[in-house]
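Please open the model in a viewer and keep the selection tool at hand. The stops below proceed from the whole chain to individual side chains.

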Amino acid sequence: MNAKLEEIDGKYVATLEGEMDTAAATEAEEVLKPLYTSGGKDVIIDCNGLEYIASSGLRILLSILKGAKANGSRVTLRGVNDDIKNVFKLTGFISIFEFE
């Protein structure tokens, strides 16, 4: 699992690659922690390279969403493949996240 965080054009862009299983989620959370308090900047989470997400990964994304919304920011998930989108559908998260 690779997680990278950059600031591009006044937005935070997080890139996730590989499998976000329980062990990898802990490592990814450290990289993504600044997104919990996004400071009013919109957040894009690029999932083009994400192959798998466990419930611990979903928890991280939900925490990012809650923190960002509390600061007036939007969170958009980009490039989510069909398998991961199914996980969002099954958990009901499909209706609370924005996808592009």
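Predicted model: local features only at pLDDT ≥ 70, side-chain atom pairs only at ≥ 80, totals over all residues.

Residues are numbered from 1 along each chain as its sequence is written, and side-chain values use heavy atoms, with hydrogens and water left out.

**Whole chain.** Display the protein as a cartoon: three helices and five strands are present (DSSP runs, H or I of at least four residues for helices and E of at least two for strands, numbered from the N terminus). Their order from the N terminus is β-β-α-β-α-β-α-β. The radius of gyration (taken over C-alpha atoms) is 12 Å, close to the 13 Å that the globule rule (2.2 Å times the number of residues to the power 0.38) gives for 100 residues, so the protein is as compact as a globular protein of that length.

**The sheet.** Select the strands next. They form an open sheet of five in the order β1-β2-β3-β4-β5, with mixed pairing; two strands pair if DSSP finds at least two bridges between them. β4 and β5 run parallel and are joined by two bridges. Zoom in on Thr-76, which stands opposite Glu-98 in β5.

**Helix α1.** Which residues of α1 are buried? Select Ala-24, Ala-25, Ala-28, Glu-29 and Leu-32; buried means under 20% relative accessible area, exposed over 50%, and partly exposed in between (1.4 Å probe, protein chains only). Seen down the axis of α1, these buried residues fall within an arc of 145 degrees (directions from the helix axis to the C-beta atoms), so they line one face of the helix. They pack against β1 (2-8), β2 and α2. Turn to the face of α1 away from the buried side to find the exposed Ala-23, Thr-26, Glu-27 and Glu-30.

**The core.** The largest nonpolar core has 26 residues, of which Ile-45, Ile-64 and Phe-88 touch the most other members. Such a core is a set of buried Ala, Val, Leu, Ile, Met, Phe, Trp, Tyr and Cys residues joined through side-chain atoms within 4.5 Å. Its largest share, six residues, comes from α2. Finally, centre on Ile-64: leaving aside neighbours within four places in sequence, Ile-64 is in contact (heavy atoms within 4.5 Å) with Leu-32, Leu-35, Tyr-36, Val-43, Ile-45 and Val-75.
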